[in-house]
Amino acid sequence: MTNHKNLDVIIIGGSYAGLSAAMALGRSMRDVLIIDNGMPCNRQTPHSHNFITQDGVKPGEIAEKARAQVLKYDTVQFLNGFAVSGTQNENGFQITIETGETLASKKLIFATGIKDIMPDIKGFSECWGISLIHCPYCHGYEFSGHTTGIMANGEKAFHLSSLVNNLTDKITILSQGKAEFSAEQTAKLNNHDIQVVEDEITEIEHENGQLKNVIFKNGKKMSFDVAYSSVPFRQHSDIPVSLGCELTEQGYIKIDNFQKTTVRGVFACGDNSAMMRSVSYAVSSGGIAGSMANRELTDEQF
């Protein structure tokens, strides 16, 4: 980065949401810098689905094409790096990257995503995003009719079962402990021949990320083609909180309908601020964040 002038907007995170925000701003002739370290959370996922015009395309290919299109706008720059801290002043914001360089902007957009916290199960992380999946809308069609596990319990497991039941009749809930279902939920699961296994899982047997068997602590083994799982997460960047941005009870950055955080001049989009983890949602929310950042700049300057 050689241009140290005060930028209009710094976008932290250069995947789908960040690139979408940058395109909206670039087309409005705003001086924008995207900071990204090239580690999206879906980097293991082989194909993206449920996104018209891009159905079945590798996520990396979508991002690469988007980056090339965004960087055709002369006012948009891209920095391969990692933002480590941020401060607010009377002129806007300062962001420090890992090299120690400090960059300034009037507005900030966080498209930083979230970091999944993998369970202590051997083989789990290697399968994550490939055959251990989180979303029936994103991946379910490709595994329709297959032997399917649901690694969850209680309301989450019941909800996933109801969605996946339309895709396959070979479902087993892997609750990893005493099942937490109401009598009504248990009756519905039984009615759909959905088995519940309460044994603890210790290992996922796989071949290059493709699930083969689930091994339990008691030594038993069950074969699956795919399994859904819900894992905890944390924010990929702690800068929003350090600036005063509030989080929701679930741990997402709190935003309004225009992607504005609780700190004026700071926006958030993509996975860091909503549970809808999909490329199409990230693109949509990024476009809104970019447009609203431009609106604020316009209102302040016109």
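Biologist: To begin with, where is Thr-53 found?

Modeller: Please bear in mind that this is a predicted model. Thr-53 lies in the loop between β2 (32-36) and α2.

Biologist: What is the phi of Thr-53?

Modeller: The phi of Thr-53 is near 80°, which is a positive value in a residue other than glycine.

Biologist: And is Thr-53 buried or exposed?

Modeller: Thr-53 counts as exposed because its relative accessibility is 72%, and the cut-off for exposed is over 50%.

Biologist: Let us turn to the helices. At roughly what angle do the axes of α1 and α2 cross?

Modeller: The axes of helix α1 (residues 16-26) and helix α2 (residues 59-70) cross at roughly 20°. They come within 10 Å.

Biologist: Are the two helices, α1 and α2, roughly parallel or roughly perpendicular to each other?

Modeller: Angles under 35 degrees count as roughly parallel, and α1 and α2 are therefore roughly parallel to each other.

Biologist: Is the crossing of α1 and α2 left-handed or right-handed?

Modeller: The crossing of α1 and α2 is left-handed.

Biologist: Which residues make the contact?

Modeller: From α1, the contact is made by Tyr-16, Leu-19, Ala-22 and Met-23. From α2, the residues are Pro-59, Gly-60, Ile-62, Ala-63, Ala-66, Arg-67, Gln-69 and Val-70.

Biologist: How many residues of the contact of α1 with α2 are nonpolar, polar and charged?

Modeller: In the contact of α1 with α2, 9 residues are nonpolar, 2 are polar and 1 is charged.

Biologist: Now to the strands. What is the order of the open sheet of 3 strands?

Modeller: The order of that open sheet is β12-β13-β14, and the pairing is antiparallel.

Biologist: Which are the edge strands?

Modeller: The edge strands are β12 (201-207) and β14 (221-223), and each of them pairs on one side only. On average, neighbouring strands of this sheet are turned by 25° against each other, direction ignored.

Biologist: Over how many bridges do β13 and β14 pair?

Modeller: Strand β13 (residues 210-216) pairs with β14 over 3 bridges, in the antiparallel sense. Within β14, Ser-223 is the bridge partner of Asn-213.

Biologist: Is Asn-208 buried or exposed?

Modeller: Asn-208 is exposed, with a relative accessible area of 72%.

Key:
Residues are numbered from 1 along each chain as its sequence is written. This is a predicted model: local features need pLDDT of at least 70, side-chain atom pairs count only at pLDDT 80 or more; totals for chains, interfaces and linings use all residues. Side-chain values use heavy atoms; hydrogens and water are left out. Axes are lines fitted to C-alpha atoms, for helices over the stretch in contact, and angles run from 0 to 180 degrees between N-to-C directions. Helices (H or I, at least four residues) and strands (E, at least two) are DSSP runs, numbered from the N terminus. Angles under 35 degrees count as roughly parallel, over 145 as roughly antiparallel, 65 to 115 as roughly perpendicular and the rest as oblique. A crossing is left-handed if the near helix is turned anticlockwise from the far one by less than a right angle, and right-handed if clockwise. Contact means heavy atoms within 4.5 Å. Ala, Val, Leu, Ile, Met, Phe, Trp, Tyr, Cys and Pro count as nonpolar, Asp, Glu, Lys and Arg as charged, and the others, Gly among them, as polar. Two strands pair if DSSP finds at least two bridges between them. Buried means under 20% relative accessible area, exposed over 50%, partly exposed in between (1.4 Å probe, protein chains only).
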